Structure formats: structure tokens, C-alpha cells
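Here is a short briefing on one protein chain. Keep the sequence and the 3D view open as you read.

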Amino acid sequence: MLVIEISMRAHYLQHVPFEGLGYIESWLKAKGYPVTGTKFFESTRLPSLDEFDMLIVMGGPMSANDERAFPWLVQEKRFIRNAIEAGKSVLGICLGAQLIASAMGSRVFPNPVKEIGWWPVQGVQPPDELTFRFSPSIEVFHWHGETFELPPGAIHLAKSEGCENQAFQLGRSVIGLQFHLETTPESAQELVSHCRDELLPSTYVQSEAAILAAPPEKYQAINSLMGEVLSFLCSRGRTDHF
């Protein structure tokens with residue numbers, strides 16, 4: 001399949017200071033794509049839909065259901081749905097994937113187990129070449145305690161032993177990832193520093209030492225895969241309509 005990337009204007013939604021774009025920022029800069037962002041911990045101002053081509057929704061420790069504690073979640077989910085319906089390329093990571101699911105009418109709820117650390121996910125064979133394909137197994141970085149039902153019409157892309165719905169594609173240009181392919185050594189350290197109280201011994205929760213002992217090759221592998229996901233979404237930019 002011939003993949004032609006189109007120059008994209010990217011806008012990101014960030015929920016807490018310590019969960020930023022990570023490797024995604026480097027990838028966008030290398031492509032020369034203009035990047036703007038909304039940091040909800042500073043301002044709730046959102047751009048108009050004609051100001052961007054790709055929307056990137058980052059993670060965060062809050063739940064997609066925490067609308068009482070974070071009233072801007074209502075506005076954010078409406079914005080995400082409008083972007084999807086307008087045919088924008090949309091990528092959701094962890095909380096971001098859960099927000100996409102919620103915005104499209106699906107339930108977000110606690111997973112039976114938390115997944116924190118480096119654990120494998122298994123790709124689910126997609127139906128056609130218009131769907132992103134994950135490898136049969138790849139070790140990726142996780143930090144989540146909730147999961148979601150697949151949005152109506154979504155294609156299941158990946159699963160793990162601890163969590164069935166690890167990734168999905170909606171239409172041609174929307175992907176939600178429960179795991180973190182954008183993670184760098186610096187962003188992993190930030191997560192550990194701010195959320196180490198969650199590192200309680202469990203089946204799928206690694207220790208701080210185990211998480212931070214990951215060699216550079218692990219980060220390079222997930223970052224390379226993140227680049228593939230972004231290229232896939234950019235190749236569908238400005239052409240797809242949900």
C-alpha cells in the first residue's frame with residue numbers, strides 16, 4: 001500500500017504537567033508540522049476545528065468519568081467527538097483513548113487489574129489494509145487502572161493478558177491506545193516521581209527499579225512504533241470523514 005503523508009497542523013490536549021507529548025514532540029518537529037496545545041491545568045481554551053488537522057489526546061491520572069472534579073472534561077469530550085465527526089485525524093493515549101471511547105458513547109470503568117510497567121500486548125489481526133496492524137507481540141509501557149468498551153463501529157487492534165481492549169481504530173483516522181508508545185526515559189521518570197504511590201505489588205505492576213531499568217532499546221522500539229502510528233494517521237489526514 002502506498003502511504004502518502006500530508007503536512008499536518010497538530011493540536012494536543014494535555015491534562016497534567018508530567019504527561020506531555022514525549023517522543024511525539026520530537027516526531028512532529030522532525031516533520032516540520034506546526035504544533036499547538038491546550039493544557040487544561042492552565043487554560044480550558046480550545047481551538048476551532050479549522051485550526052488543526054490532527055488532534056492528540058494525552059494521558060493523565062484522572063478518570064474520564066471525573067466530570068464533577070474536572071468540569072472541563074465535559075467540554076473536552078464534546079470537542080473530541082466534534083473533531084472525529086469532522087474527519088480529523090485523532091490519536092488518544094491511555095486516558096486519551098478512554099476519553100475517545102466516552103465521547104463516542106462507550107463506558108469507561110476500572111479494569112480488574114492495574115497494568116504499570118513493561119508488559120507485552122498482542123496484535124489482533126485487522127480486517128484489511130486500511131487498518132493499522134500491530135505485531136503479534138510487542139513489549140510496551142503501561143500505566144493505567146481503567147479500561148473501556150470499544151466505541152460503536154471500532155475495530156479491535158490489540159489486547160493483553162491483563163486487559164482485553166488495548167487499542168482500537170475508529171473509521172480510517174482515529175486510533176486509541178491504552179498503552180504509552182510516546183514514553184522516553186525522562187517521561188518514565190516523571191511518571192514514577194509523581195505516581196509512585198500506585199506502585200503496589202500486583203500481578204501486572206512492576207517496581208520502580210524494574211520500570212526504570214529498561215534499556216534504551218526498549219524506548220527506541222516503542223518510539224519507532226509510535227512513529228508508524230503517527231505516519232498512518234497523517235497519511236489519512238484531511239481526507240477521511242467519520
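Which residues does V192 touch, not counting residues up to four places away in sequence? V192 touches W143, E208, I211 and L212. Keep in mind that this is a predicted model. The briefing starts with the whole chain, then visits five residues.

**Overall build**

- The chain has six helices and nine strands.
- Its C-alpha atoms fill a box of roughly 45 × 45 × 35 Å, taken along the principal axes.
- A compact globule of 242 residues would have a radius of gyration near 18 Å, and the chain agrees with that because its own value is 16 Å.
- Take the contacts between residues at least 6 apart in sequence: 76% of them join residues at least 24 apart.

**Inside and surface**

- Of the 242 residues in the chain, 55% are buried.
- The accessible surface comes to about 10300 Å².
- Carbon and sulfur atoms account for 52% of that surface.
- The chain carries 19 positive and 28 negative charges.

**Confidence**

- The average pLDDT of the chain is 94.
- A score of at least 70 is reached by 95% of the residues.
- Residues 238–242 have a pLDDT below 50.
- That stretch still has 16 contacts in the model beyond near neighbours in sequence.

**V192, in helix α4**

- Helix α4 covers residues 185–195, and V192 is found there.
- V192 is buried, because its relative accessible area is 0% and buried means under 20%.
- V192 and S207 are 15 residues apart along the chain, and their C-alpha atoms are separated by 9.7 Å.

**M54, in strand β3**

- Strand β3 runs over residues 54–57 and includes M54.
- M54 has 0% relative accessibility, so M54 counts as buried.
- Look for M8 in the 3D view: M8 is 46 residues from M54 in sequence, yet the two C-alpha atoms are 6.5 Å apart in space.
- M8 is also one of the contacts of M54, once neighbours within four places in sequence are left aside.

- C94 is found in the loop between β4 (89–93) and α3 (95–103).
- C94 counts as buried because its relative accessibility is 4%.
- Most residues other than glycine have a negative phi.
- A97 lies in helix α3.
- With 0% relative accessibility, A97 counts as buried.
- Beyond residues up to four places away in sequence, A97 touches G92, F148 and F168, and also G176, L177 and Q178.
- A97 is 89 residues from M8 in sequence, and their C-alpha atoms are 21 Å apart in space.

**P112, in strand β5**

- P112 is found in strand β5, which spans residues 108–123.
- Is P112 buried or exposed? P112 counts as exposed, because its relative accessibility is 75% and the cut-off for exposed is over 50%.
- P112 and N223 are 111 residues apart in sequence.
- In space, C-alpha to C-alpha, P112 and N223 are 28 Å apart.

**To take away**

- V192, M54, C94 and A97 count as buried, whereas P112 counts as exposed.
- M54 pairs a separation of 46 residues from M8 in sequence with 6.5 Å in space.

Methods. Residues are numbered from 1 along each chain as its sequence is written. This is a predicted model: local features need pLDDT of at least 70, side-chain atom pairs count only at pLDDT 80 or more; totals for chains, interfaces and linings use all residues. Side-chain values use heavy atoms; hydrogens and water are left out. Helices (H or I, at least four residues) and strands (E, at least two) are DSSP runs, numbered from the N terminus. The radius of gyration is taken over C-alpha atoms; the globule rule is 2.2 Å times the number of residues to the power 0.38. Buried means under 20% relative accessible area, exposed over 50%, partly exposed in between (1.4 Å probe, protein chains only). Contact means heavy atoms within 4.5 Å. Accessible areas come from the Shrake-Rupley method with a 1.4 Å probe; for residues, only the protein chains shown count as cover. Lys and Arg count as positive and Asp and Glu as negative; His and the chain ends are not counted. The place of a charge is taken as NZ of Lys, CZ of Arg, CG of Asp or CD of Glu. pLDDT is the predictor's confidence in each residue, from 0 to 100.
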